[in-house]
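Keep the structure in view as you read.

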Amino acid sequence: MINDGILIAALVYVIACLGLVLYQQKQTSKLRVKVDALTLLMKENDRQRETVKRELQELRSGTIGVGRRMLELEKRTSKQDARLDEVNQQDPQARLYSRAMKMVDLGASIDELIQECELPKAEAELIIRLHGKG
């Protein structure tokens, strides 16, 4: 009788141990699946980070190129403006018309253009029509 009781207790103990082992294996399997999923997410995250880093580098390079082109265009524009001013100063007629256009911008009338710039009436009217605010 005592041997049967010990045998039953040992059998229950073994069954309980087997249940615990199975439970732990199931939990370990679930954790492994989660770790694998997190590993995949980390790899995807690393890949996306590298893509963004490469795109940012390309954007920086493009921006630097645009900046250089802008500086070059500004230099060319400055040279052309200086040359245009130089040409205008050499040509008295052009200087006269430049002055007339500035006066029109300031609101001068036809009579003022005729008196100050010594322009014929038709030219004064034409300048006001071309550069006037109305």
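Q: What makes the area between domain 1 and domain 2 count as buried?
A: Buried area is the accessible area (1.4 Å probe) that two parts lose on being put together, summed over both. For domain 1 and domain 2 that loss is about 310 Å², with carbon and sulfur atoms giving 36%. In domain 1, Asn 88, Gln 89 and Gln 90 lose the most area to domain 2, together 92% of what that side buries. This is a predicted model: local features need pLDDT of at least 70, side-chain atom pairs count only at pLDDT 80 or more, and totals for chains, interfaces and linings use all residues. Residues are numbered from 1 along each chain as its sequence is written, and side-chain values use heavy atoms, without hydrogens and water.

Q: Why is the pair Arg 99 and Glu 116 called a salt bridge?
A: A salt bridge needs a side-chain nitrogen of Lys or Arg within 4 Å of a carboxyl oxygen of Asp or Glu. Arg 99 and Glu 116 meet at 3.2 Å, N to O, so the pair qualifies. The pair links distant parts of the chain: Arg 99 is in helix 2 and Glu 116 in helix 3, 17 residues apart. Helices here are DSSP runs (H or I, at least four residues), numbered from the N terminus.

Q: How many salt bridges does the rule find?
A: The count is three. Another one joins Arg 47 and Glu 44 at 2.5 Å, N to O. Both residues lie in helix 1 (residues 2-90), three residues apart, about one turn of the helix. Across the interface of domain 1 and domain 2, the rule finds zero.

Q: Why is Glu 118 called exposed?
A: Exposed means over 50% relative accessible area, buried means under 20%, and partly exposed lies in between (1.4 Å probe, protein chains only). Glu 118 has 68%, so Glu 118 is exposed. Glu 118 sits in the loop between helix 3 (110-117) and helix 4 (121-131).

Q: What makes Arg 47 partly exposed?
A: Arg 47 has 46% relative accessibility, so Arg 47 falls in the middle class.

How values were computed: Helices (H or I, at least four residues) and strands (E, at least two) are DSSP runs, numbered from the N terminus.
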